[in-house]
Amino acid sequence: MMADATTPGGGLLVLALMLPAVGMLAIFALGLRHAERIAHATLLAGLAVALAVAVKVGQSGQAMTYLIGGWRPPLGIALQADGLSAVLMVMTAVILCAVGVFARGSFSSPRDGAETRRPFVFWSLFLGLWSALNCAWLARDLFSLFVALELLTFSAVPLVCLDGSRETLRAALRYLLFALAGSVLYLMGTGLIYGAYGTMDIATLHHLTRADWATSLALGLMIVGLMAKAALFPLHLWLPPAHAGAPAAASAVLSALVVKAPFVLILRLWFEVAPQPASTPAGAMLAGLGAASILFCSVMALRQARLKLMIAYSTVAQVGYLFLVFPLVMGSAAVTPWESVGWTGGVLQLVSHAFAKAAMFLAAGLIAEALGHDRIADLGGAAKAVPVTVAAFALAGLSLMGLPPAGGFIAKLMLLTAAVETANWWIAATILAGGILAATYVFRVVGSALAEAPEGAGTTAIARSRELAVLALALIAVALGFLPLQPFDYLAIGRGGMP
Amino acid sequence: MTPATLYGLCAAALVAIGLFGLILHPTPLRKVISFNLIGSGTFLFFGIAARRGAAAGFLGDPVPQAMVITGIVVAFAATALAVALLLRMLEAGAPTVDGPPEQPDDLSP
């Protein structure tokens, strides 16, 4: 939909971008000792803004727009929340709030002691990350999206090496290099697009793009760059060490949210910028790499000895499912892409994986704190020490495997249905095989956690509120399975003007 | 050959050299420099897009130039972050991203 004027309440979108940034500045200004309290206040306010945007979009049935400075695109820059953006904003806010509750124990500064760097760095980057994510969900021109991606990288990389050990520094540098290579390729693509069409506005480009070699090259460069950031096989090598090495609260945010932003950008490029109908071989290639991600990284997850590395490999596998969407949506010509089963299934997979994976990483963090290690083979006694956490881990695992009634089940069922409808049998087979592999690696952990504790193993007590935050995330991941048909309409909001 | 084509070829060459270095050099510092080479090529490309978009009495389209400034700032910040990480890593004693540790004098200024 073209952005013609600022809609009522459009200022909320600016607030969504600015609140975390203001919170970050307040941490600098009001003294580092208050970092945690300022971050928590910002979290509550930001959650309220995200919910307000979602309710307003749902009530009006139209996308919300804010034109910065009142300038209309293509000259000006628009922020726009359609159904997809609103869902993503609420998802981000809820997950960050839960992580905020979880992290209260691990990064709080001593009440009377000196100001320490760790809580300050964590909370300010945490808020920076949120601002960048909201920018990625709301921006409507390719260059603002580039800036959002860079903000995201600069906030995410230091989170990886928060404990400053040699391994995490190495992982952070590798992550940075992959992300930079990705963003420079993306920037080159935007340059080509601007050279060919003279605009960066997505809604304007939607009507302009032609199927010529310059457009194909530009989109190819941008998508490959984003693939490196989204950690699609074979560009996933940076993810497992980076996500496994970060502190649990940071890993949860990185795995659940940060890798989703580049994927959402690919989704927008594919369905809103690329000339329609999109190229069949390219869609099949993306799905092929997604399938390779699922199979290869699920097997890798099975082979890991450490819990956090296993979960990180599982992230690559689950992100692979998202890339299966492209050929599934192309096949159904009768309905618009965003009303098709495949598209809705893909978005639902994105959201349910975000909740499940955040719950899993936080659970792994609590288990490691309680037992003092995260070796899968020696997890015995975990179910006795932190029963709520192990239950949350199992519930989140339910969603990853795609067992009913979890959100992941509905998502994978929709993808499977779309694969059968469009006669993509190899995709259907991959989805089923991926589910079995996921079940194997989740049960391996749960089975080990239910075993008797070894003699003489001591455990550390964990605050109940932190366990409940993890359980809440896992329950949301399961509860998503109970709203199967509603997303169809909501996700299509704001796309009426698109042919 | 028009100047735009010539500069376009230069940009392409810079990107190619940078990509080669980024993928094939094992040492992190060279990877960072390679990234800057790709960046330079991309910025040059934006300049060409600006020149080719000249209209309405302007010598060049100002929009790509504005974007290049942002791009340069971002690339500078990225390089600073990468170098800071690299220094911390050297202090911790792990000089390479992948592959065996190299000779320490390779990275000295």
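The model is predicted, so local features need pLDDT of at least 70 and side-chain atom pairs count only at pLDDT 80 or more, while totals for chains, interfaces and linings use all residues. Residues are numbered from 1 along each chain as its sequence is written, with chains lettered from A and ligands numbered from 1 in the order in which they are written.

Chain A is divided into domain 1 (1-139), domain 2 (141-276) and domain 3 (281-499), with bounds from an automatic or database domain assignment. The C-alpha centres of domains 2 and 3 of chain A lie 22 Å apart. Their contact (C-beta atoms, placed from the backbone, within 7 Å) takes 22 residues from domain 2 and 28 residues from domain 3. On the domain 2 side, helix 10 (248-258) of chain A gives the most, with 7 residues. That side divides into 16 nonpolar, 5 polar and 1 charged residues (Ala, Val, Leu, Ile, Met, Phe, Trp, Tyr, Cys and Pro are nonpolar; Asp, Glu, Lys and Arg charged; the others, Gly among them, polar).

Turning to chain B, the contact takes 24 residues from chain A and 29 residues from chain B. Helix 5 (142-160) and helix 6 (166-197) of chain A each supply at least two residues of the chain A side (helices are DSSP runs of H or I, at least four residues, numbered from the N terminus). Helix 6 of chain A gives the most to this side, with 16 residues.

Within helix 19 of chain A, the buried residues (20 or more other C-beta atoms within 10 Å of their own, C-beta atoms being placed from the backbone) include Gly434(A), Gly435(A) and Tyr441(A).

Note on methods
Two residues are in contact if their C-beta atoms, placed from the backbone, lie within 7 Å. A residue is buried if 20 or more other C-beta atoms lie within 10 Å of its own, exposed if 12 or fewer, and partly exposed in between; C-beta atoms are placed from the backbone.
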